[in-house]
Structures are given as structure tokens and as C-alpha cells.
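This report covers a structure from its domains to its chain contacts. The sequence and coordinates come first.

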Amino acid sequence: MYGWMGTILRVNLSTGAITKEKLDENLARDYIGARGLASKILYDELPPRTDPFDPANLLIFAAGPLTGTAATSASRYNVVTKSPLTGAIAASNSGGYLPAEIRYAGYDMIIVEGRSEEPVYLWIKDDQVEIRSAKAMWGKGTRETDALIRDETDDEAKIISIGIAGEKLVRFAGVINDRERAAGRSGVGAVMGSKNLKAVAVRGTGGIKIKDGAAFREAVLRNLAKIKSGPVTGEGLPTYGTAILVNVINSHGILPTNNFQLGEFAGAEAISGETLTRDLLVRNRGCLACPIGCGRVTEINWEGNRERGEGPEYESIWALGAACGISDLELITKVNFLCNEYGMDPITLGATVACAMELFAEGVLTVEETGMPLHFGDGQGLLELTRKTAMREGFGDVLAEGSARLAEKYGRPELSMSSKKQEYPAYDPRGSQGIGLGYATSNRGGCHVRGYTIGAEIVAAAVDPLTSEGKAKLLIDVQDFTCVVDSVGMCLFTTFSLGVDDVLPLLNAATGVDYTTESLLQAGERIWNLERLFNLREGLGREDDSLAPRLLQEPLPAGPAKGNVVELESMLNEYYQLRGWDNEGRPTGEKLQALGLG
Amino acid sequence: MSRTLVIDPKLCTGCRLCELVCSFKKTETYNPARARIRTIVMEDEIAFVPMTCWQCEEPVCQEVCPTGAIGRDAATDAVLISLERCIGCKMCMMVCPFGNIQSNGAKEPVVKCDLCGGEPECVLFCPTKALQYLPADKFTLARKKRIAEKFRSILEEVEW
């Protein structure tokens, strides 16, 4: 095959069986790869209502047909499984070097099933695959694990690992690769922990074959020029990283502050991309083949030591900062480093601590439960709870369940800022209606990267963020295109400068398949609908396409979006209609037929 | 005037696009293990240095080659290995002080950068200009100017 490597590696940790399967060409064409193809396999193979921590759950590391090529920012893979946080499908995305290494080793994806009796790691050297003991790494952080495993295998190996949070089944544990990159959301690291799988080490020395090399090279050069000349991808992200958004979003009055009680944060400047660049930035870092290089290599002075790492990104700065009322950027950076070390999602962590802070302010939580006073703005409290959560120690054991279970436990479920039990990211949807509908309909729960309407509503200011009109259509287009981008293995950030017609020639030249604009977007739509079918089968429905009551009932108190709530009901009705779904949010037979899902 | 491939590690973001496009040009597959250029990633400092053949004025690889397989391209000044004459002894690889001649298991016994005949693919794709292919005097002048600017600001701070 061209583009695709043509082989799926399957490892059963219960039996120790290691098999290599031929990739079905029709499936590859219809579901592309990465997020799409792995979701299809999960849908076909996972028995309905399987507990996410049951050995029967699958954990899939899946790259796309462009991953590892020179296509701009085609560094990505997805970690796909049933989420222990949401009970819905999880597809968590990460870049770096590791995803491409899976392909150089000869595979499009690695499917892990079953559960090992003892801690193990996988060692994949091209076609040689071994299950090895990870007893020496169990309990270690992701950096140390990375180093220990490269010592045992090959210094050139690229490593996927979990930290203590994944081992302890923290419901929002992530999977770390290349020491600093994270498939952070939806608890994919906890599923890895439940399988006693500490790490996957990969070294590949093979190449990716391209059907039409000259056409592919031309397409890469064209896209490279577009990325370099785009204002966001050529200027904003390289100069300030994703944190450029702190001031932008705050100026629109939608930087959620103190658990979404406010949309403006007085400490925004102190945690902005500009401040990060001035005070902490060492250099920019790019994932494989990425001309944007939004990664931030940063250094802090922490208790007399200089600590160097990567990040924090905009979302982490917000969750560990504004969401908790914290404006100490060095502390936020330290907590972000710890999240990488523990393998834990900083968005859900920060949002869960913010929820606890509001419960504390309401008097629902007291020092008796928390073991410490917990006020908005308490950075030391956040730091302490980060460690305790990863270790499931004391009150951290409650936080490790996420904000929905926390708020539910204390009788105030409305104070969890989440949909489908996954916490929202850093945009108050009361001032950007489309993203509100996006949070509600996201197949993996509260999330910004399933349908980033913020690009059109705020960054490009192409549409009025305050109106709900036309947002269902906008969101559907973004959701479907995002499915394509995630499935080919490119980074979503390229979409600030590239459209479907820029991805199309790359994919066709690489694979030799004759996709058209329409058939490619239809593949995106097919993937979205398949994820929906997965969730429906798991028992989710219209009542789960909702938002926290605060966003629907409490108008934003101040700022440019003052007085607004999310007009969800009308947008959701329109969304279902445009999607070809019935009133309960189920795809109609006609729609399924049209997508080849019937 | 001949040109020189110059690197600026300060501008390198570690994206390794140079390795990808190099391997594609030379092997028609995307495969960094077959690239003639290599970005070294320093894990703890999180720093990046692209490394490739510097086309030495007095190449020790050429000196040790027992079959005279290594010579210089008249047009580009690149140091080239003739596959017809090469017997695969790998002495050149052993003596290169920079580790920039590789034996990577491909059909050629050893490979090195040949400057793509004067149009280095890595330079064309490098998104940050960490790699450039310039006349030597232009490179040194550009650096002089950059450093001169720093000198000026320092010297002007002091009142004489």
C-alpha cells in the first residue's frame, strides 16, 4: 500500500499473543486512519457497555496515512478507547516524534487488549515485538521511565508512557510521549494503567511509500508557504505559542474565571503569552515536520533549582490559572511540569480543583473533607492537590474522579463545569455561542478540539460570536473537517491556514486513492456519525447533549458578552436537523444509508 | 563564489523536516533513518542541532579512501563518494571527525550529504532558516552585522 503502511499490530496482554494483521483497504479508504479508523475498530470489536477498566476494553494507538511524512505538521496520532471519565468514546491526540516512529516500524496502529498480570512494556523494533517486564519503572514518572526504557532498549527509541496517575487509575490520566507531549484528555492513561501497561517503546527504520512523489512534494511546498504566510500559523503561534489566546480571549470577556463565575480575569496579563515569552521562554519547539513550532521550551526557578520543560499551553494556563483564580505563572508552569511527570490532564485537573474551590466557598466542602482551606487564588493549594490527586492520597482520591463525580458526591452536580462528565476548556460559551453547541455535542464530552468554532467566532472574527444563528451549520462543517484532519494525522493548528482542498492533494498523492472534496468531507461526516453511534450504543442520548446549568441560566455578569447565556435548545434542534438525526439525536436510517453505516 | 551549508541551532525547533525531505529525495520514501542530515535532540536542555557533512577543505575521508572513491564536485565543491569505486570498507565513516558519514544498512555501503547538486532540499524546506546555503562571505557578513548590533547597544550604554 501507499500512504498507509498496511499493517496493524495487535497485542493481547492477557495471553501474550502478538499478531500482525493486514489493513483492509476499503476500511482505510472509508475511515482514513488515526481517529477515524481506530474508532471504527473500537466500534466493531468492543462489546457494548464494557466497563472501561475491563480487560476487554481496547486501547488503540493509531497514526494516519500522512503521519511521518513531510506534510506540514503531520506528526499526530490518536489514542482511542472507551473513556473511564465519560463512558463515551475517547480519541486523544498528540504529536511529537513517537507517532511517526510507529509508522517507520511498519504499522498504522497498535491495538492493545487484555490485561497483564504484572507491569509490562512493549518493545517494538521494526518487525520484532516483545512484551517485557516494567517492574523497574512502575511508580516512576514519565521522564524517568523514558530514560530507563531507552537504556534497556535503544537510545533512539521513542516512548509512550504513563505516570503515577495512570497507574492509580485517575480518571483523567493521560498518555505521555516523547517526554513532553500528551494525549491528555478523557482518561486514556487510566485505561493503559488498568492493563498494567507502563509504556510502549518504538524504533522504526523503515520508510513510508508515496504513490505520486512529485505531486506530494509540490503540495507540501504549497502548504508550507501558506502556513508561513498565515497570520496565526506564521506569526501568532510561533511568536507567543498557544498562550497568545489569554489576552485575546480575556478581551472578549470569555476567559472563564473562578469556575465560570466570571468571564474576565484580573490576573490575565500576568499569565499571558506575552508574559510567558518575556519571562520563561527558552526557545520554540516543533513536533515532527511542523513549520509552526508552537511548543514552548520554558525554564523556571523553583525552590532554588532551574527546571526546564515544555509548556504550559493556553488551556493549561487557563485551567491551572484563571479557572482557579491563580495568576502565578511560574507556579502554573511548575504544576504543568508535574502533570506531564504524573501523566495527568491539566485541563480536567484545574477545572476539578476550581469546582472544589467553589464547593468550599459555598460551605459544602470544609477543611474536614479537604484537609486544607481551599480558596480561589490559592496556588499552593493547587500544587499540593496536584500531587495528592495523582497519588490518590487523602482528598486527592476524590478529585481523581473528576469534577462531575466530585460535585455529585457533595450534592451540587450543577457546579461541575462539564458535559458528558468531561470538563470544559478555556472559552466561556456564553460569549461564543457556537462553541457552546460544540461542548454539548462533542462526542468525547466537554472539549474545544472536536469543533473549534473559536477560530471563526473569535480568532478570525468572521462571524458574530454572540449570535446563535448559523452556528449549527458552522459547527457541523468544523466537526467534519476536524475528523478528516485528525484522521490523516495532521495537526488541527494547520487549519488556521489550510482547508480541505489543501489536505486533499496530499492524501491523494500519498495513497493513490481518488478522494474528492466531497468524498473526503463525507468521510469526516461518516467518522463523526460512527462516534455518535458508539455513544448511543453506550446509552448516551439527547439528555447528554447538554451544558452545565450555569451556562444556560446565569447570564455573564460583565464584559463584552455581559447578559448572555447559551441559547442551546434552538441550536441543538437545528443541529440535529442538519445532521440528519431525529429529535433524540439518533442518525436516521436514511443518513446511515448515505454514509455507508446502514 | 561557492556556497556553504550553514546551520544556526538557535533557530532550529527540532521539527526534523530536513531529515524527512532528505530521505525522500534520496530514497523516495519518508524515512529519517536514511537521511543524510540528522537533527540531534539534546533531551535535558531541550536543544536541537542539525548535523550533516561540512564538505571539509581537506577531507580526511578522502585521504583515507584506499580506492580514491572520494572526490570533489567541481560545480558545488561537495565532497562526493563514487559508488563505482567504493569497496565498502567504511574507513571514511571511521575517520570523519563529525560522524557525518553514515552506514545505515541501505544498498549503498556509506552515504553522506552531496548538497543535492547545489540545491539542498533541506534548505528549501527548513521553516525557520536554521539551515541556509549561502556564499561564505554573505554568511559571515550577516553574522558580523548581527553581532555588531549587539556591540553597538552595549558600547553606547557607556559614556566616554
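## Domains 1 and 3 of chain A

The centres of domain 1 of chain A and domain 3 of chain A, taken over C-alpha atoms, are separated by 27 Å. The contact between these domains involves 39 residues from domain 1 of chain A and 26 residues from domain 3 of chain A. On the side of domain 1 of chain A that touches domain 3 of chain A, at least two residues each come from helix 1 (25-31), helix 2 (34-45), strand 4 (77-82) and strand 5 (89-94) of chain A. Helix 2 of chain A gives the most to this side, with eight residues. By class, this side of domain 1 of chain A has 18 nonpolar, 15 polar and six charged residues.

The model is predicted. Its chain A is divided into three parts: domain 1 spans 7-203, domain 2 spans 238-419, and domain 3 is made of 427-496 + 516-594.

## Chain A against chain B

Between the chains, 25 residues of chain A are in contact with 21 residues of chain B. Four elements of chain A each supply at least two residues of the side that touches chain B: strand 13 (208-209), helix 7 (213-229), strand 14 (281-285) and strand 16 (305-310). Helix 7 of chain A gives the most to that side, with three residues. The residues on the side of chain A that touches chain B comprise 10 nonpolar, nine polar and six charged.

Strand pairing also links the chains. Strand 13 of chain A and strand 2 (residues 29-30) of chain B run antiparallel and are joined by two bridges. In strand 2 of chain B, B:T29 is the bridge partner of A:K209.

## The position of A:S468

A:S468 lies in the loop between helix 19 (454-459) and helix 20 (471-488) of chain A. Is A:S468 partly exposed or buried? A:S468 counts as partly exposed because 19 C-beta neighbours lie inside 10 Å, whereas a buried residue needs 20 or more.

Leaving out residues up to four places away in sequence, A:S468 touches A:Q433, A:E567, A:S570 and A:M571. A:N305 is 163 residues from A:S468 in sequence, and the two are 50 Å apart in space, C-alpha to C-alpha.

Technical notes. Residues are numbered from 1 along each chain as its sequence is written. Chains are lettered from A and ligands numbered from 1 in the order in which they are written. This is a predicted model: local features need pLDDT of at least 70, side-chain atom pairs count only at pLDDT 80 or more; totals for chains, interfaces and linings use all residues. Two residues are in contact if their C-beta atoms, placed from the backbone, lie within 7 Å. Ala, Val, Leu, Ile, Met, Phe, Trp, Tyr, Cys and Pro count as nonpolar, Asp, Glu, Lys and Arg as charged, and the others, Gly among them, as polar. Two strands pair if DSSP finds at least two bridges between them. Domain bounds come from an automatic or database domain assignment. A residue is buried if 20 or more other C-beta atoms lie within 10 Å of its own, exposed if 12 or fewer, and partly exposed in between; C-beta atoms are placed from the backbone.
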